[in-house]
Protein chains: 2
Amino acid sequence: MSKTNRVWRLRKRPVGEISDDVLSFAEESVPEPVAGEFLIRLNYLSLDPTNRIWMSDMDQYMPPVELNDPMRGLVCGTVVKSSHPDYSEGTIVSGLGTWADFQIGTPETMSPLGDTGPVPVVDAFSTLALVGPTAYFGLLDIGQPQTGETVVVSAAAGAVGSIVGQIAKIKGCHVVGLAGTDDKCTWIKNDLGFDEAINYRTQNVPEALAAACPRGIDVYFDNVGGDILDACLKLMNLKGRISTCGLISQYNSTEAIGPANYAMILMQRLRVEGFIVLDYAERYPEAITALSQWMAEGKIKVRTQVIDGLDNALESLKMLYTGGNTGKLMIRVEDT
Amino acid sequence: MSKTNRVWRLRKRPVGEISDDVLSFAEESVPEPVAGEFLIRLNYLSLDPTNRIWMSDMDQYMPPVELNDPMRGLVCGTVVKSSHPDYSEGTIVSGLGTWADFQIGTPETMSPLGDTGPVPVVDAFSTLALVGPTAYFGLLDIGQPQTGETVVVSAAAGAVGSIVGQIAKIKGCHVVGLAGTDDKCTWIKNDLGFDEAINYRTQNVPEALAAACPRGIDVYFDNVGGDILDACLKLMNLKGRISTCGLISQYNSTEAIGPANYAMILMQRLRVEGFIVLDYAERYPEAITALSQWMAEGKIKVRTQVIDGLDNALESLKMLYTGGNTGKLMIRVEDT
C-alpha cells in the first residue's frame, strides 16, 4: 500500500466565507495503531454543512476542531492494520475520522458498515450512515407530519432535504421545497415528486411560499435559518412544528441574526426543536430498514455527487455554502 | 343601579410606547341583552401584558381589537339583567369582556366564577381564572422540570412569573428569577423562596445568570423575549426547554428583533414551545385544584395590586411595560 499520508489540518477559524488558508494540506507519516486501535485507509470522505461549524469556535454540539489538528469528517475506510481483535484487516468501517489518507480508528469513533447487500458501499455510506436517518428522525420524530398537512423543506435539493421531501410525500403530505437553481427545482418536482418547488434566488420567497402553501405550513424542516426561516414562521399554522436540522445560512455569517418573526412561536403556539442525528444512534436500525425498503421500491431516490481526490476536499466543501452541489457531496479517495 | 356606562374604545394602534390617545374614555348608553345574552356590571378588570398585543395589528392568537371598538379585557362582573336561563341576576361571572361599566355577556365569552370558598372573589379571579393556570400548564406541561434541574423565569415578580417560580420550588428545582427592582428581587427571594434573584436593570445579566446557574439552565420560562432570552439561550443545557409565555419586551418595539443566539436551539437540541392558557381550558379544574391547595398550605403566595377606578385603567396598564407593578395588576370598579 501507498505510504503517502496526506493530511488536511485546521490552521485558522473561518470568518465569513471559507478561505483557502483555513486548512493546510501536506504529507505526514502514517500513524501506528496501538492496542485497541486500528489503522484505516480512507475510501470516501463525506462533506457536510456541519463541517463549517466544527471549524469555528461558535457554541456547538461537540468540541470544535482544535487549531492545527487534522480536520474532522465523516469517513468510510478500510482497515489496513489492526490491533483490535474485532476489526480485522479488510473490514469496511464508517464513523467520525479526519481528512487524511490514513488514520487511527477505535470502536468509539468507527463501526463496521456491515453487509450492504445490493447497495453499493458508497451509496450505503452516503445515504444510510448519516443523511437518511437525519431526514427520517428529524421529519417523523420532531415534525410529526400528518396526512394532508403541508410540509416545507429548505435546501430541498440537498442530501437531507431531498430525502425529507420524499418521506413527507410517502406520508401523504403536501410538500413544498426551496432550492437555489431552476435545475434543482425541476429535479425535486419532476423526479422526486415534490408538489411545489421554489427557487429562492429568483423568486420572491414570502409570496411564492404563500402561493405554494394555500393552507399554511404545518411542518417546516429547517436546514438554513435566516430569511427563509422568517418567511416560514410568518405562515405557520396553529400548533405547527419546526424541526431545526441546520442553519446553513448562518454558518458563514460574521454576525448572528435571529428570526424577526420569532413572536410567531407564541402567537401560533409553535414547537421549535433542534436535533442531531447522533441522538438517535440506538434507533438507527429502524431508519435503515425503512429507508432501504423505500429505496428498493423506488419511493426514495438519492443522488450522490462524487468528486475524486482528497486534494479537492476544501474547494468542494465551499459548494455546500454557495449552493453549488446537488444531493450528497462526497470525496472519493479510492473505491472499496 | 347607576346608568352611567363609561367605555374605553381603541382609537389608534400604539406605535412604540402606549400613548394616551390610543384609547378614548366616554359615556355611552347601557346596552340591552337580547335572548341568550346577559348584561353584567363590571367588578374587576384584569390588566395583562397581552392587552398590548390586542391593541396592535401584529400577527396574534386571536383577532386584534378593531379600531373604534371597545377595548378587550379579562373581566369579572355581576349579572344585573339576563335573557339567558342559566345566568340569573346576581351571578358572578368572569371571561373575555371589555373595558366598560356595563357590557353584554354570553356563555361563549363568560362563565360563572363558581363558589370560591374562603378565597375572596378578587383573589380567585386574579389567580385562579388566568395567571395561575398559565403558570401551572406553561411550567409543568411545556417546561417539564425535573427535581434538581435549574429553572429560570423572567418577569419573576409579575403575576405569572411569581407563581411559576413557586411551583418550580415545589417541584424541587433550583429557581432563579429576574426582576427589575431590588424590592422585587427581595420579595421573590425572601418571601417567595426563589434561590436567586437578578435585578436585570442594575446587574450584568449574562454574568449574573451564569453565576446563579452554575449547572446551566434546563427550563427557561420566557415572559419577555429580547436580551434576557438571548442570555438564557447561551446557557441552556442539552435538551433544555423554553416555555414561551410572553415576549413583553417586544410588544412596544417598533421593529422586531429575533434572538441572536437562536442557533443554540440546534446546538443544544432545545425545544422551544409557545402556548396560551386558553388551549388548556378543558384541564382548568386540575390546575385550580392544585393551586388552591398550594395556596391553602401557604406554598404559593400571591400579591394583587388593586387600583381603584375604571378611569385609571390606561395609565395603570402602562406600568406592565415599564416594570411599575408587582404581582397581578387589577382595576377595581366595584367590589362584589
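The model is predicted: local features require pLDDT of at least 70, side-chain atom pairs count only at pLDDT 80 or more, and totals for chains, interfaces and linings use all residues. Residues are numbered from 1 along each chain as its sequence is written, while chains are lettered from A and ligands numbered from 1 in the order in which they are written.

Begin by selecting both chains.

Now display the interface. Here 29 residues of chain B are in contact with 29 residues of chain A (C-beta atoms, placed from the backbone, within 7 Å). On the side of chain B that touches chain A, helix 8 (264-267) and strand 13 (271-274) are the elements giving two or more residues; helices (H or I, at least four residues) and strands (E, at least two) are DSSP runs, numbered from the N terminus. Because 100% of the interface residues of chain B are also interface residues in chain A, the copies meet through the same surface.

Select strand 13 in both chains: the two pair in the antiparallel sense over 3 bridges (pairing requires at least two bridges found by DSSP). R271(A) has E273(B) as its bridge partner.

Finally, turn to chain A, where strand 4 (residues 72-82) and strand 5 (residues 92-98) pair in the antiparallel sense over 7 bridges. V75(A) has G95(A) as its bridge partner.

How values were computed: Two residues are in contact if their C-beta atoms, placed from the backbone, lie within 7 Å.
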